[in-house]
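I opened a notebook page for this structure and wrote down what I looked up, entry by entry.

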Amino acid sequence: MDSNQVTQQIQQMRNFIVREAEDKAAEIQSKAEEESEIEKQKIVDAAKAKYRKEFERRLSQSAVQRKIDLSKKVNKVRLDMLKQREATVQELIARAKAQMAQYVKDARKYKPILTNLIAEGLLELMEAQVTVRCRQEDLALVREVIPDALRLFHQNAQPDMEVAVDVDTTFLAAGPAAGNANPCSGGVLLHCRDGRIKLANTLDDRIQISMEGLLPEVKKILFPQSTAQLFDGLNFGTASPAPAAAGPAAAAAAAAPKH
């Protein structure tokens with residue numbers, strides 16, 4: 001083999017090695033670029049997922065905050081309405097007491113009421129010795145009606161039941177005209193067993209009992225739409241119905257003034 005052939009063979013081997021190297025380099029470059037794209041896509045996808053999760057968290061937080069704000073506003077409106085309704089009810093009670101204070105000024109009308117209130121108290125207590133406490137301005141009228149109250153008591157009590165009635169020297173608060181902070185509209189308070197048992201049968205107590213019993217109907221008339229109905233679409237619950245109070249005894253209820 002002469003030198004030219006050797007040189008030619010070496011050149012061919014060199015060209016082959018160069019081509020192999022270039023192909024290998026191209027393969028490595030292609031693989032590196034492919035892996036780089038995959039890694040870059042992973043980073044992009046991870047960033048997207050992170051930002052998407054953060055966006056959803058903030059969106060959910062914003063929705064929750066809006067619900068909280070709305071709930072606070074609704075509750076504030078509801079409380080304001082309930083306060084206004086309570087103020088209206090208290091105003092009705094105050095008007096009823098004022099009308100009652102005018103009513104009892106007529107002794108002819110007031111006398112049968114006192115009679116029934118005392119008789120009812122005696123029937124409730126069923127004690128042998130009872131003391132009646134009244135307003136100082138009602139003292140003479142109370143002493144006058146005690147015999148009638150005792151007759152009414154005996155008509156409804158057991159035949160052998162006897163009761164002694166005294167008039168207390170301590171008085172209830174005076175009427176509204178006296179300018180008291182807590183006036184008494186009238187009626188009596190009965191007590192026995194050295195004051196350990198008391199039965200309040202004042203006109204203020206009777207007004208309160210009547211108002212409690214009539215409160216559901218009064219609310220229907222004054223407030224035909226409840227707070228729950230106003231916020232039905234928001235689904236924030238319903239109001240509980242007010243409990244009904246026990247009704248007064250029939251004897252005194254029949255004698256109570258009507259307006």
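Is Arg135 buried or exposed? I looked up its relative accessible area and found 6%, so Arg135 is buried. I note that the model is a predicted one.

**Entry: the partner of Arg135**

I then looked for what Arg135 pairs with. Arg135 forms a salt bridge with Asp138, and the closest N and O atoms are 2.8 Å apart. Asp138 has a relative accessible area of 4%, so I list Asp138 as buried too.

**Entry: the chain as a whole**

I stepped back to the overall layout. The chain has six helices and four strands. Following the sequence, I wrote the pattern down as α-α-β-α-β-β-β-α-α-α. The chain has 259 residues, and 27% of them count as buried. I also searched the whole structure for salt bridges, and the search gave 14.

I picked Arg95, which forms a salt bridge with Glu91. The closest N and O atoms of this pair are 2.8 Å apart. Glu91 has 39% relative accessibility, so I put Glu91 down as partly exposed.

**Entry: a salt bridge between two helices**

Next I looked up Glu144 and found a salt bridge with Lys111, with 2.8 Å between the closest N and O atoms. Glu144 sits in helix H3 (residues 139-156) and Lys111 in helix H2 (residues 107-125), so this pair ties together parts that are 33 residues apart in sequence. Glu144 is partly exposed at 44% relative accessibility, and Lys111 is partly exposed with a relative accessible area of 27%.

**Entry: a network and a patch**

I found that Glu54, Arg57 and Arg58 are linked in a network of salt bridges. I also noted a negative surface patch, formed by Glu20, Glu22, Asp23 and Glu27. I followed up one of its members, Glu20, which lies in helix H1 (residues 3-103). The relative accessible area of Glu20 is 42%, which means that Glu20 is partly exposed. A residue needs over 30% to be part of a patch, and Glu20 has 42%.

**Entry: a residue in a strand**

I turned to strand S1 (residues 129-133), where Arg133 is found. Which residue does the side chain of Arg133 touch through a polar contact of 3.0 Å? I found that the contact joins the side chain of Arg133 to that of Asp168. Arg133 is buried, with a relative accessible area of 17%. The cut-off for buried is under 20%.

**Entry: backbone angles in two loops**

Last, I checked phi angles. Most residues other than glycine have a negative phi. Where in the chain is Met126 placed? I found Met126 in the loop between H2 and S1. Met126 is not a glycine, yet its phi is positive, at about 50°. Met126 is partly exposed, with a relative accessible area of 32%.

Asp194 is also not a glycine and has a positive phi, of about 55°. I located Asp194 in the loop between strand S3 (187-192) and strand S4 (197-202). The relative accessible area of Asp194 is 77%, so I wrote Asp194 down as exposed.

Note on methods
Residues are numbered from 1 along each chain as its sequence is written. This is a predicted model: local features need pLDDT of at least 70, side-chain atom pairs count only at pLDDT 80 or more; totals for chains, interfaces and linings use all residues. Side-chain values use heavy atoms; hydrogens and water are left out. Patches are made of residues with over 30% relative accessible area and no salt bridge: like charges are joined within 9 Å, nonpolar side chains (Val, Leu, Ile, Met, Phe, Trp, Tyr) within 5 Å. Accessible areas come from the Shrake-Rupley method with a 1.4 Å probe; for residues, only the protein chains shown count as cover. A salt bridge is a side-chain nitrogen of Lys or Arg within 4 Å of a carboxyl oxygen of Asp or Glu. Lys and Arg count as positive and Asp and Glu as negative; His and the chain ends are not counted. The place of a charge is taken as NZ of Lys, CZ of Arg, CG of Asp or CD of Glu. Buried means under 20% relative accessible area, exposed over 50%, partly exposed in between (1.4 Å probe, protein chains only). A polar contact is a pair of N or O atoms within 3.5 Å; within protein, one must be able to donate a hydrogen and the other to accept it, and residues adjacent in sequence count only if both atoms are side-chain atoms.
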